[in-house]
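My entries follow in the order I checked things.

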Amino acid sequence: MLFQVSMFEKVVSRMRLNDLMKATNSFHKNNIIGSGRTGTMYIGVLEDGTSLLIKRLQNSQHSDKEFSSEMATLGNVKHRNLVPLLGFCVAKTERLLVYRYMANGTLNDNLHPVDDAKQAMEWSLRLKISIGAARGFAWLHHNCNPRILHRNISSKCILLDADFEPKISDFGLARLMNPVDTHLSTFVNGEFGDLGYVAPEYARTLVATPKGDVYSFGVVLLELVTGERPTHITKAPETFKGSLVEWISQLSDDGKLHDAIDTSLVGNGVDNELFQFLKVACNCVLPTPKERPAMFEVYQLLRAIGERYNFTTEDEISMPTDTSDVGCLEELIVAR
C-alpha cells in the first residue's frame with residue numbers, strides 16, 4: 001500500500017521502488033511529462049487516485065546514506081514558489097524524488113503549446129508567473145539556508161499549480177549529480193543547462209554562479225514577453241540562425257526593441273509595462289555578469305511593474321544581509 005500524501009506532507013518520507021513503479025506503470029513512456037539533464041519526470045498515480053510527480057535521476061551515484069542526508073536537507077527547503085518535495089526512493093542504482101503534482105504543467109508547455117489553436121497567455125498571467133518565479137529564485141539565492149544555486153533554470157523547470165501559481169522544480173539537484181567532466185564538450189552538450197539558457201561566461205569558466213542563474217531567468221523573461229523560444233525565433237528572418245538573446249541584441253542595436261514584444265500583448269493598454277518588463281529581461285542577459293542585477297533586484301523590479309495587480313501580498317523576500325553587491329553570493333552551494 002502506498003503512503004497517503006497527508007502522511008508525508010510535513011516530513012520527507014522514504015518510499016519503496018515497487019510502489020513508485022506501480023504508480024508510473026513501470027516508468028512507462030506514456031507517463032513521461034518532461035526530461036532534461038538531471039533526469040526524467042513522470043506522472044504517478046497512487047492507489048487512492050492522488051497524482052504525484054516522480055523524478056527519476058540519472059548519473060547520481062551517491063550512497064544510500066549520502067542521498068538520504070541530501071533528502072533531509074532538501075525536504076526542509078520549503079517556500080510557496082517551490083514544488084514541495086514529499087518523498088524519495090533509493091534502490092540499487094535508482095534515485096527517485098517524489099513531488100506534489102502540478103495541475104497546469106510547465107510554463108514552457110503553456111507558453112509554447114503544441115496546439116497552435118490554443119489561446120495565447122494573457123499579460124497579467126505572464127506577469128504573475130514571472131513575479132512568483134522571481135520570488136522563489138530570490139529566496140533560494142538570498143534567504144534559504146543553505147543558500148542554493150539552481151543551475152538549470154528554464155521555462156521547463158517552472159511548474160504551474162491549479163491557480164497558475166508558479167512552483168520551481170529541480171532546485172538543489174546539482175548537489176545530487178556526479179561532478180561533470182570539466183572538458184569544454186560538457187558545455188557544448190548542454191551539461192550546464194538547456195540550450196539557449198546558458199550564460200556565455202560558462203564557456204570560459206565552467207563555474208556556476210548566481211549571475212549565471214540570473215542570465216537563465218532573463219531568458220525565461222524574454223520568452224514571456226516575446227512569446228518566442230530560446231533557440232527558434234519565428235519572427236526573425238529565415239537567414240537568422242541565432243538565439244533569442246542574440247535576436248534581442250540585434251533588435252536593440254537597430255533601435256527596434258519594441259518589435260520583439262509578442263503582438264498578442266500589444267495595444268491592450270499595457271504597452272508601458274511590457275517595455276519596462278523587456279528592459280528588466282535585457283539587463284538580466286547582459287554579456288558581463290557584474291552588470292546583471294542580483295535575483296533579489298530582479299524580483300523587486302518585477303514587483304514594481306506588477307504593483308497595480310496586487311500579486312504580492314505576503315511571503316515577501318527580505319533584503320539580503322550583504323548589500324554591497326546584493327548579487328555577490330559566490331558562497332552559495334553548488335556541491336559539497
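**Entry 1**

Which residue in β3 is the bridge partner of Gly34? I looked it up, and the partner is Met41. I note at the outset that this is a predicted model.

I then checked the strands around that pair. Strand β2 covers residues 32-36 and runs antiparallel to β3, with four bridges between them.

The hairpin of β3 and β4 has five residues between the strands. One of the residues in this hairpin, Gly49, has a positive phi near 90°.

Is β3 mostly covered or mostly open? It is mostly covered: β3 spans residues 39-45, and five of its seven residues are buried.

**Entry 2: the whole sheet**

Strand β6 takes in residues 94-100 and runs antiparallel to β4, with five bridges joining the two. Across this pairing, Leu53 stands opposite Tyr99 in β6. As a reminder to myself, strands of a sheet pair through backbone hydrogen bonds, either parallel or antiparallel.

**Entry 3: charges over rings**

I searched for charged side chains placed over aromatic rings. Arg56 lies over the face of Phe27, 4.2 Å from the ring centre. Arg95 has its charged end over the ring of Phe67, at 5.8 Å from the centre. I also looked for aromatic pairs, and the structure holds five.

**Entry 4: the cores**

Which residues touch the most other members of the largest nonpolar core? They are Phe137, Phe217, Leu221 and Leu302, in a core of 76 residues. Helix α4, residues 123-143, gives the most to this core, with 10 residues. The core also draws on both domains, with at least three residues from each of domain 1 (19-100) and domain 2 (105-306).

I listed the neighbours of Phe137, leaving out residues up to four places away in sequence. Phe137 touches His150, Ile153, Cys157, Ile158, Ile168, Phe217 and Met295.

There is a second, separate core of 13 residues. Among its members are Ala23, Ile54, Cys89 and Val98.

**Entry 5: helix α10**

I asked which residues of α10 are buried. They are Met295, Phe296, Val298, Tyr299, Leu302 and Ile305. Leu302 is also one of the residues that touch the most other members of the largest core, and Met295 is in contact with Phe137. The helices that the buried residues of α10 pack against are α4, α7 (210-226) and α9 (271-284).

**Entry 6: backbone exceptions**

The peptide bond from Asn145 to Pro146 is cis, with omega near 5°. Pro146 lies in the loop between α4 and β7 (158-160).

Arg151 is found in the loop between α4 and β7 too. Its phi is positive, at about 80°, although Arg151 is not a glycine. Is Arg151 buried or exposed? Arg151 counts as buried because its relative accessible area is 13%, below the 20% cut-off.

Asn310 is another residue other than glycine with a positive phi, here near 55°. I placed Asn310 in the segment after α10 (295-305). Asn310 counts as exposed, because its relative accessibility is 58% and the cut-off is over 50%.

**Entry 7: overall tallies**

The protein chain has 10 helices and eight strands. Of its 336 residues, 53% count as buried. I also checked contacts with a separation of 6 or more in the protein chain: residues 24 or more positions apart account for 65% of them.

Methods
Residues numbered from 1 in each chain as written. Predicted model: local features only at pLDDT ≥ 70, side-chain atom pairs only at ≥ 80, totals over all residues. Heavy atoms only, no water. Core = buried A, V, L, I, M, F, W, Y, C linked by side-chain atoms within 4.5 Å. Buried < 20%, exposed > 50% of the residue type's maximum accessible area, 1.4 Å probe, protein only. Domains from an automatic or database assignment. Contact = heavy atoms within 4.5 Å. Pairing = 2+ DSSP bridges. Phe/Tyr/Trp six-rings, centres within 6.5 Å; stacked < 30°, edge-to-face > 60°. Lys NZ or Arg CZ within 6 Å of the ring centre and 35° of its normal.
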